[in-house]
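Trainee: I am new to this structure. Please show me how to read its features.

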Amino acid sequence: HFVESGGGLVQPGGSLRLSCATSGFSLDYYAIGWFRQAPGKEREGVSCISSSDDNTYYSDSVKGRFTLTRDKAKNTVTLQMNSLKAEDTAVYYCTGSPTTGRPLFLCQSPSLYGMDNWGKGTLVTVSS
C-alpha cells in the first residue's frame, strides 16, 4: 500500500515536502517512484529510485529542484520540492514494485514494471 500526504497550496518559489507511507513490504526490495497528473494531462514520472541502490532519476522539469529520499527503517519515501512553479500544480502519487528496472525506465513506463498500484494521491497547488 502507498499513502501520499503533504500536499497543499503554496506560492510560487515556495517549498513542500511530500511523504509516501508504505506498508506490506520492505523498501529494501522495492523500486519507488513519484508521479504526477496535472488537470487535462497524462500522468508523468517525476522521480524514481531503484530497488538495489540509490540510483535516482529526475525528469528534466524538476531536476535541481526536487529531491527523493528513502528511509528504509521508517518505510517512507519523501519528495522535497523547492522553487515550486505554477506548472508543478498536480496530484502527486507514489507507487513501487519489486523490480530491478532502471529508474529512467520506471518513470517512463511504470506499468511495464508492475508499478501500477496507485493511491489517492495528494494535491499540490502552486498559485499566488
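Mentor: Strands (E, at least two residues) and helices (H or I, at least four) are DSSP runs, numbered from the N terminus. This is a predicted model, where local features need pLDDT of at least 70 and side-chain atom pairs count only at pLDDT 80 or more, while totals for chains, interfaces and linings use all residues. Residues are numbered from 1 along each chain as its sequence is written, and side-chain values use heavy atoms, with hydrogens and water left out.

Trainee: In what sense do strand 9 and strand 10 pair?

Mentor: Two strands pair if DSSP finds at least two bridges between them. Strand 9 and strand 10 pair in the antiparallel sense, over 3 bridges. Strand 2 and strand 10 also have 3 bridges, but in the parallel sense. There, Gly-8 has Val-124 as its bridge partner.

Trainee: What is the order of the strands in the open sheet?

Mentor: The order is 2-10-9-4-5-6, with mixed pairing. Strand 2 (8-10) and strand 6 (56-58) are the edges, each pairing on one side only. Strand 6 pairs with strand 5 (residues 44-49) in the antiparallel sense over 3 bridges. Ile-49 stands opposite Thr-56 there.

Trainee: Which residues form the covered face of strand 10?

Mentor: In a regular strand the side chains alternate between the two faces of the sheet. In strand 10, Thr-122, Val-124 and Val-126 make the covered face, and Leu-123 and Thr-125 the uncovered one.

Trainee: Is Thr-122 buried or exposed?

Mentor: Buried means under 20% relative accessible area, exposed over 50%, partly exposed in between (1.4 Å probe, protein chains only). Thr-122 has 9% relative accessibility, so it counts as buried. Its contacts (heavy atoms within 4.5 Å), leaving aside neighbours within four places in sequence, include Leu-18, Ala-90 and Val-91. A polar atom of the Thr-122 side chain lies 2.9 Å from the backbone nitrogen of Gly-7.

Trainee: How many aromatic pairs are there?

Mentor: A pair of aromatic rings is described by the distance of the centres and the angle of the planes. Rings of Phe, Tyr and Trp (its six-membered ring) pair if their centres lie within 6.5 Å; planes under 30 degrees apart count as stacked, over 60 as edge-to-face and the rest as tilted. By this rule the count is 4. Phe-25 and Tyr-30 are stacked, because their centres are 3.8 Å apart and their planes are at 20°. Phe-25 is buried at 15%, and Tyr-30 is buried at 18%. Phe-35 and Trp-118 are edge-to-face, 5.1 Å centre to centre with 90° between the planes. Phe-35 is in strand 4, and Trp-118 is in the loop between helix 1 (103-108) and strand 10, 83 residues apart. Phe-35 is buried, at 1%; Trp-118 is partly exposed, at 27%.

Trainee: Where does the charged end of Arg-43 sit?

Mentor: A charge sits over a ring if NZ of Lys or CZ of Arg is within 6 Å of the ring centre and within 35 degrees of the ring normal. The charged end of Arg-43 sits over the ring of Trp-118, 3.9 Å from its centre. Arg-43 also lies over the face of Tyr-93, at 4.3 Å from the ring centre.

Trainee: What is the phi of Asn-75?

Mentor: Phi of Asn-75 is near 55°, a positive value in a residue other than glycine. Asn-75 is in the loop between strand 7 (66-71) and strand 8 (76-81).

Notes:
Polar contact = N/O pair within 3.5 Å; in protein donor to acceptor, adjacent residues only side chain to side chain.
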